[in-house]
Amino acid sequence: MKQKQTTLAEAIASVADGSIVALGGNTIHRAPCAAAHELIRQQKRRLELIKTAGAYDVDVLVGAGVADRVSAGFIGFENVFGLAPQYRRAAEQGRIQVKEHACYTVITAMRAAVQGVPFLPIAGMLNSDLMQARGFKTVIDPYSGEELAAVQAIRPDVAILHVQEADEEGNGRIYGSVYEDDLMARAARRVILTCERLISSEETARVPELTTIPGFLVSHVVLVPNGAHPCSCGDLYDYDYDYLARYIEACSTPERFQAWLEENVKAEKTEKAVSL
Amino acid sequence: MNQVTQVSSFPTDAGGLTQDTMMVVAMARLLCDGEKVFHGVASPLPMVAILLAQRLHAPNLVYINITGGINAHPKSLPLTTVDPRLTHGSHSIFKLAELFDMSARGDLDTAFLGGVQIDAQGRINMSVIGPYDHPKVRLPGGAGSAAILPTARRTILWRTKHDPRTFVEKLSFVTAGGNVDRVVTPLCVFVKRDGRLQLESIHPYSSAEEVKQKTGFPVETEGVPVTPPPTAEELAALEEIDPQRVRLVEFKE
């Protein structure tokens, strides 16, 4: 059987430029940040990012020139640090295509992919200018004649998720909030899983219903303790307020941002990814 | 660690009533016992208002948030409202997708949604200032609002800024519109009646003049009552729920 357990560098090397990449977590919580940093180190280009609500992961990938399209309902650091500085600047300068969604349309688009249909109808949306601005189409219910918004399927090439526990076959357990991770795993062509802790496959077999991400969907599993940092990871660790505050400050000029990338991302190497 | 930003210099009346306190109390009073209530990202005021209503007059209210926590009882309140703390005390995880489904089928009673700009019809802009493709300012996006505003039975909007650029006659970009019931601001409460926002009450430290001057659409102030100031019971419960005044993070800048 093919060995799924790899280094972070090997796992991320499998992501092709131009890929559609779904990122797990929500705002500054359980986002796959170590993997995002590795995407930057490997100088990936032209990625499309899929997420309901993103913050640091999306912002730093846009700022580093890795992503040029973002499909999401919300990108921002909530009230803690406000607008996402790199994302905002890139959108205003026309460097990225903002494919604004309602969070529910991201979910519906992935559900369509899960079901193998080209689109799904959805309630709401019709009185939003996003219909026109984003080219969402409508369909007529053939039974009642009612008009509904139709959301086109999004099939990510890969979902990159960070979870608390996984076994060497990639069976992943998520404790606490799942966000859209389970849906992303099923909508995407494959999954790259990073985890805080490796557990045995005997353990996952003992309680299979605790497995949120089935291993057969996973192409790579990587042990990365602290892999969501600077975001929180369930009840294991909180988000790193000081790190994020320094990041926001470094985003004040392009030069300072580049220096920040050098110091915090490029020099980070992959020492976080424990060798196996 | 959480660091609550200290914000001072709010207009207060002689009793020391601040905008953040008046707003959460006004929001809490709008909630009914037994109803299912949701708030999304970036929503510290709704979070505190829901916990306050549960403590005071709505013990059977069902509190739902993005983390999937149901009736969470966090020991300390987070600054971000997607925080794992908002699952603490919950007996189940009801995922975000399930919440959206619930709203879509008409089973969500009340949603709290924010708007960077709000117009006279109670529609919100969370997307762009300027053209969509070449925005002057790229805003965060409406999160779930385009799906929830038209499908939740009612929506309560709130905004911590009240000026003519925030409350406008007509939006240049409508991120979402729909079943708006009330809008709570630092100065007043609007109710949507006959398709337009109309003043329901003016907070004690503000005035008809101030609200008129700071609202970008015409408002009728004749006969509009003063929002009853928080009672001693409301203030005591609020102090227990949010002793660090985490809610002030919404007034940053």
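Which residue of β8(B) is the bridge partner of B:T110? In this predicted model, where local features need pLDDT of at least 70, side-chain atom pairs count only at pLDDT 80 or more, and totals for chains, interfaces and linings use all residues, that partner is B:R154. Residues are numbered from 1 along each chain as its sequence is written, while chains are lettered from A and ligands numbered from 1 in the order in which they are written.

**The sheet in chain B**

Strands (E, at least two residues) and helices (H or I, at least four residues) are DSSP runs, numbered from the N terminus, and two strands pair if DSSP finds at least two bridges between them. Strand β3 (residues 110-114) and strand β8 (residues 154-158) of chain B pair in the parallel sense over five bridges.

**Where the chains meet**

With contact meaning that C-beta atoms, placed from the backbone, lie within 7 Å, 46 residues of chain A are in contact with 47 residues of chain B. On the side of chain A that touches chain B, β3(A) gives the largest share, five residues, and the residues of that side divide as follows.

| Class (chain A side) | Number of residues |
|---|---|
| Nonpolar (Ala, Val, Leu, Ile, Met, Phe, Trp, Tyr, Cys and Pro) | 22 residues |
| Polar (the others, Gly among them) | 16 residues |

How values were computed:
Two residues are in contact if their C-beta atoms, placed from the backbone, lie within 7 Å.
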